[in-house]
Amino acid sequence: MNRRKRSVPEGMRDLLFEECALKRRIERSMGCIFEAGGYREIITPALEYLELYSDTNSLPAERMYKLFDRQSRILALRPDCTPAVARVAATRLMDMPVPLRLYYNQNVFRTNDTMSAKSDETTQCGVELIGAAGPRADIEVLRCALAALRSVTDDFKLELGHVGMFWQLSRRAGLSEEDTELARFYIETKNFAALDSLAGEYGKSAEGLKLLPRLFGGEEVFDEAAAVSEGETGGILAYLRGLFDTLSEMGYRDHIMMDLGLVSNIEYYTGVVFCGYLGGFGKPALFGGRYDELMKKFGRDMPAAGFAIDVDAVADTIQNGQSPLSPPDALVYCESACLSDAYRLAERLQGEGKIALVSTADSEKAAGDEAKALGAATLYTVTKSGVRSVDAGGGFTKGGGKG
Amino acid sequence: MKPLRMALTKGRLERHMVELFSRMGCDCTELTDKGRRLIIALPELGLEVLLAKAADVVTYVEHGVCDLGVVGKDTIMECAKPFYEILDMGFGRCRFAVAGKKGGALRDGYRKLCIATKYPRVAREYFDKKGMDVELIKIEGSVELAPLLGLSDAIVDIVETGATLRENGLEVYEYMQDISARLIVNLTSMKMRKREIERLAAGIRKAVTGI
């Protein structure tokens, strides 16, 4: 027997029982929050032309799963949801009034290093607000992200930055193209020493850039950023301050952090960027921002912003507090002539909100064993002369009944 | 409060860290006489410390099971994982270099060279940048053997004093990059436990540089 058919490729995994229940619960709760805010769901194809992603500065091509279509054109398995949503907004939704409020709940596929214990298939749910700009639009998206995180746990932080800070400061410093990339990497990894020595070569004009990765934390960041509060970066700071104050007023003060050194590795962001953290999880569980240049690539020049939540990351953080699924309340066994009565009984119990199933065993003894194995609370036996029920010893309330 | 958990690289860097913690006023007997214990508490520093191989330090910090780690820049470059690298510890200094048999050269006409290394990613990136097409062979230890046995034309490795190279009739062709130990921090820990990490990092910086 070929061994491969009994295993799954690296990076893929089966989700069972409690894992599914938890994941679906998170997806439903996110969906409810989005729909309550007037967002409507769309589903886009899992397979699209590679160009959808490569021409929109989504992920690097080597992180995508690729295959060929019927005419040998290259397709990519969805690595990111935003480009396809933008495509739909620019094409099929062309005549709809803006702003468009769209949400999705779809799987994305990205290759990871081998042996990294990372899933290549994860579920993202997120929203896109297309056709609106300015503080009102940014607040709407940020508040939606905060509400989504809050629905999961109280131990969360949303971190706020703006890609303009980096671009303005590197322009001010006069960084060469190559050094801009390096500086971006050093800021992203908070490599203070390397950034200092790189910026040192550019003298006084690069002082602001040096400061950037250090400017993270709470409200105090706005004071610490005084040195870069002139010119365009001053405008950005004032804008962020406005967002910070509004979100604080909404009761999210303790959950908002600033990181002016937040530079995204997804290149299409043009303005506000933000990142959500859940306590106890090693990587960000939410990522989003403003991408005002993306829609233009599909022939419809409009501002837009959105975010995606990594549902699997959220599930990982709350896995431990999760209760096991309930065992069945009832197993129904019947004599062979009474099958329809057995199903009638099971359906009645189900109608009462119980989990009830009909045994496939052909003897009462085997059905008794099955009830034990399932951890069912009650075993019903349906015969010509009537229905008997016995306590099968399982069920939640009896304790230890998990089979 | 829950202590911060720090992964230290076993061996040479470990001794530097013991000395550093002592300078910070911490009693390190638990750490030096740890026996078979794997996780050691250093309550004076608000730390829980464990010792691991360099590449594992990076893995633990990346996944967030350790908040911080101390590891060489060579391992950081080879692993290329996401985390913050916030402090140059100043010790564990050495350099990445290309080396080969004495009298040889890194270029030999149009012949494609073969390079043996423990650091294939670092080597690949370096030669890509130089526009040199080379063949790489991954070797796990004593890389110096490869050119001596005729398996490779040169090696990419970390060089501290160059004594091993000299004793085996090898020499450095080119220095690539300075290496030293770094303090790395998990992405989420940096944000969720900023104050504690900054306090600790400031203490370490003071002990390392005196300022």
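Tyr104(A) has Gly126(A) as its bridge partner in strand 6 of chain A. The structure is a predicted model, in which local features need pLDDT of at least 70 and side-chain atom pairs count only at pLDDT 80 or more, whereas totals for chains, interfaces and linings use all residues. Residues are numbered from 1 along each chain as its sequence is written, while chains are lettered from A and ligands numbered from 1 in the order in which they are written. Helices (H or I, at least four residues) and strands (E, at least two) are DSSP runs numbered from the N terminus, and two strands are said to pair if DSSP finds at least two bridges between them.

Strand 6 of chain A, residues 121-130, has partners in strand 5 of chain A, with which it pairs in the antiparallel sense over ten bridges, and in strand 12 (residues 304-310) of chain A, where the antiparallel pairing extends over seven bridges. Strand 6 is mostly covered, with eight of its ten residues buried; a residue is termed buried if 20 or more other C-beta atoms, placed from the backbone, lie within 10 Å of its own, exposed if 12 or fewer do, and partly exposed in between.

Strand 13 (residues 330-334) and strand 15 (residues 378-383) of chain A pair in the parallel sense over five bridges, and the partner of Val332(A) in strand 15 is Tyr380(A).

Elsewhere in chain A, the axes of helix 1 (residues 18-36) and helix 11 (residues 311-318) come within 10 Å and cross at roughly 120°. The two helices are therefore oblique to each other, given that angles under 35 degrees count as roughly parallel, over 145 as roughly antiparallel, 65 to 115 as roughly perpendicular and the rest as oblique. Leu22(A), Lys23(A), Ile26(A) and Glu27(A) of helix 1 meet Val311(A), Val314(A), Ala315(A) and Ile318(A) of helix 11. These contact residues divide into six nonpolar, no polar and two charged, where Ala, Val, Leu, Ile, Met, Phe, Trp, Tyr, Cys and Pro count as nonpolar, Asp, Glu, Lys and Arg as charged, and the others, Gly among them, as polar. In the loop between helix 2 (50-54) and strand 3 (66-68) of chain A lies Asp55(A), which counts as exposed with 12 C-beta neighbours inside 10 Å. The C-alpha atoms of Asp55(A) and Lys297(A) are separated by 8.2 Å, although the two residues are 242 apart along the chain.

Chain B contains nine helices and eleven strands, and its C-alpha trace spans about 60 × 35 × 35 Å along the principal axes. Of its 211 residues, 41% count as buried, and 67% of the contacts between residues at least 6 apart in sequence join residues at least 24 apart. Positive phi values in residues other than glycine include that of Ala80(B), about 45°, and that of Ser142(B), near 40°. Ala80(B) belongs to the loop between helix 4 (73-79) and strand 5 (84-88) of chain B and is exposed, with 11 other C-beta atoms within 10 Å. Ser142(B), in the loop between strand 8 (135-138) and helix 6 (145-149) of chain B, likewise counts as exposed, with 12 C-beta neighbours inside 10 Å.

The contact between the chains takes 15 residues from chain A and 13 residues from chain B. On the side of chain A that touches chain B, the elements giving two or more residues are strand 7 (156-162) and helix 7 (192-200). The residues of this side divide into six nonpolar, five polar and four charged.

Notes
Axes are lines fitted to C-alpha atoms, for helices over the stretch in contact, and angles run from 0 to 180 degrees between N-to-C directions. Two residues are in contact if their C-beta atoms, placed from the backbone, lie within 7 Å.
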